Amino acid sequence: MILSALTEIERRAERATGGPWDHDDSGETISTVNGPDCIIACEVTDEQGISSPENAAFIAAARTDVPKLCTALRIAFEDGLSDEVVDRIEEVLRGDASE
């Protein structure tokens with residue numbers, strides 16, 4: 001289950017516009033760093049509807065963070081994980097893990 005979920009995540013990342021991405025100071029536009037491509041132009045807000053550059057920064061960083069995390073997880077699997085750790089990872093991927 002884990003490796004198939006990881007493969008799906010990696011495929012989505014590969015299909016997305018290349019990164020890295022960046023955001024403007026207002027948090028309203030996320031675009032590619034090395035080109036004119038606008039990924040999204042909208043008002044990124046928090047729970048109260050207030051403009052949130054922090055949320056925009058998170059979205060922009062996800063373009064490079066997700067592939068790094070996928071690679072790190074694959075390395076961990078190559079090195080071998082205990083059954084307990086594998087079970088915990090599967091819980092997270094299913095959305096069953098307690099925080």
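**Starting point.** I am working from a predicted model.

**Entry 1: the helix pair.** I looked up how α1 and α2 pack. Their angle is about 155°. Their axes lie 10 Å apart. Angles over 145 degrees count as roughly antiparallel, and α1 and α2 are therefore roughly antiparallel to each other. I also checked the hand of the crossing of α1 and α2, and it is left-handed.

**Entry 2: who touches whom.** Next I listed the residues in this contact. From α1 I noted I2, L3, L6, T7, I9, E10 and A13. From α2 I noted R63, V66, P67, C70, L73, R74 and F77. I then sorted the contact by class: 10 residues are nonpolar, 1 is polar and 3 are charged.

**Entry 3: the largest pocket.** I looked up its volume, which is about 160 Å³. Which elements give two or more residues to its lining? I found α1 (2-15), α2 (53-79) and α3 (83-94). The lining residues are I2, A5, L6, I9, V66, L69, C70, L73, I89, V92 and L93. By class, I counted 11 nonpolar residues in this lining, with no polar and no charged ones.

**Entry 4: a cis bond.** Last, I turned to the backbone. The peptide bond from G19 to P20 is cis. Its omega is near 5°. Where does P20 lie? I placed P20 in the loop between α1 and β1 (21-23).

Conventions. Residues numbered from 1 in each chain as written. Predicted model: local features only at pLDDT ≥ 70, side-chain atom pairs only at ≥ 80, totals over all residues. Heavy atoms only, no water. 1 Å grid on protein atoms, 1.4 Å probe; cavity = no way out; pocket = protein on both sides within 12 Å on 5 of 7 lines; lining within 4 Å. Points joined across faces, edges and corners; volume = space filled by probe spheres on them. Helix = DSSP H or I, 4+ residues; strand = E, 2+ residues; numbered from the N terminus. Nonpolar A, V, L, I, M, F, W, Y, C, P; charged D, E, K, R; others polar. Axes fitted to C-alpha atoms, helices over the stretch in contact; angles between N-to-C directions. Parallel < 35°, antiparallel > 145°, perpendicular 65-115°, else oblique. Left-handed = near helix turned anticlockwise from the far one by under 90°. Contact = heavy atoms within 4.5 Å.
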